[in-house]
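Me: I've got a model open and I keep running into labels. Can you take me through where they come from?

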Amino acid sequence: MTEESISAQIVFSENIDRVNNQNGLGSTVRLVNPTLTLGMPIVPTALSFSATVLTDGLSFDTDHHIKFTITDENNNVLSKVEGDIKSFAEPTKGGFNFNLDFRNVVFQQAGEYNGIFSLDGQNIQSQKFRTFATSAAPTDGMN
């Protein structure tokens, strides 16, 4: 990694939408309901959500390997996305955003979790988030 200093911020949301601009020039990325808490209708459950990683100082004059991992309180991996980014013909240095969709990630219990963004094997940023049960626990059927 040739960067002197890379800064990053992680934002979780319910979804990410790409919307065409009204002037017909390009599109805009919109985060749907940014949050640090995800409701679980039942426990355990499979949740779908998105993570956006905003970066500054990332140079594209060389190839990079990125990884984004979701872990539980005991550092067990629930989900992971990783891949390679090839260098650009005309390297630039500046902001670059990664938009990641996670679908049907299994959460065994409500609690605290962590999203970790890594670049070339080095952890750059992490962000905690929480899951919670949105309904009361089921009863045994006796009132």
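This is a predicted model: local features need pLDDT of at least 70, side-chain atom pairs count only at pLDDT 80 or more; totals for chains, interfaces and linings use all residues.

Me: What makes up the secondary structure of the chain?

Reply: Zero helices and nine strands, so the pattern along the sequence reads β-β-β-β-β-β-β-β-β. Both kinds of element are DSSP runs numbered from the N terminus: helices are H or I with at least four residues, strands are E with at least two.

Me: Why is S7 called partly exposed?

Reply: Buried means under 20% relative accessible area, exposed over 50%, and partly exposed in between, with a 1.4 Å probe and protein chains only. S7 has 40%, so it is partly exposed. S7 belongs to strand β1 (residues 7-20) and touches L54, T55 and D56, leaving out residues up to four places away in sequence. S7 and G95 are 88 residues apart in sequence, yet 9.5 Å apart in space, C-alpha to C-alpha.

Me: And why is T71 called buried?

Reply: Its relative accessible area is 4%, so T71 counts as buried. T71 is in strand β5, and beyond four places in sequence it touches N76, V77, L78, Y113, N114 and I116. Over the whole chain of 143 residues, 34% count as buried.

Me: What makes a set of residues a nonpolar core?

Reply: They have to be buried Ala, Val, Leu, Ile, Met, Phe, Trp, Tyr and Cys residues joined through side-chain atoms within 4.5 Å. The largest such core here has 26 residues, and those with the most contacts inside it are F12, F49, F68, F102, F107 and F117. At least two core residues come from each of β1, β3 (37-40), β4 (45-59), β5 (64-71), β7 (93-107), β8 (111-119) and β9 (122-133).

Me: Why is the pair of F107 and Y113 called edge-to-face?

Reply: A pair of aromatic rings is described by the distance of the centres and the angle of the planes. Rings of Phe, Tyr and Trp (its six-membered ring) pair if their centres lie within 6.5 Å; planes under 30 degrees apart count as stacked, over 60 as edge-to-face and the rest as tilted. For F107 and Y113 the centres are 4.8 Å apart and the planes are at 90°, so the pair is edge-to-face. Both F107 and Y113 are buried. By this rule the count comes to 13 aromatic pairs, and one aromatic cluster is formed by F12, F49, F68, F102, F107, Y113 and F129.

Me: Which residues does F107 contact, leaving aside its neighbours within four places in sequence?

Reply: M40, P44, T45, L47, F49, L78, Y113, F129 and T131.

Me: How do you know that β1 and β4 pair?

Reply: Two strands pair if DSSP finds at least two bridges between them. β1 and β4 have seven bridges, in the antiparallel sense, so they pair. β1 is also joined to β2 (residues 27-35) by eight bridges, again antiparallel. F12 shows both sides: its bridge partner in β4 is A51, and in β2 it stands opposite T35. The hairpin of β1 and β2 has six residues between the strands, and G24 there takes a positive phi near 80°.

Me: What makes β3 an edge strand?

Reply: β3 pairs on one side only, as does β6 (77-85), the other edge strand. The open sheet has five strands in the order β3-β9-β8-β5-β6, with mixed pairing. β3 and β9 run parallel and are joined by four bridges; T37 stands opposite R130, and G39 stands opposite F132.

Methods. Residues are numbered from 1 along each chain as its sequence is written. Side-chain values use heavy atoms; hydrogens and water are left out. Contact means heavy atoms within 4.5 Å.
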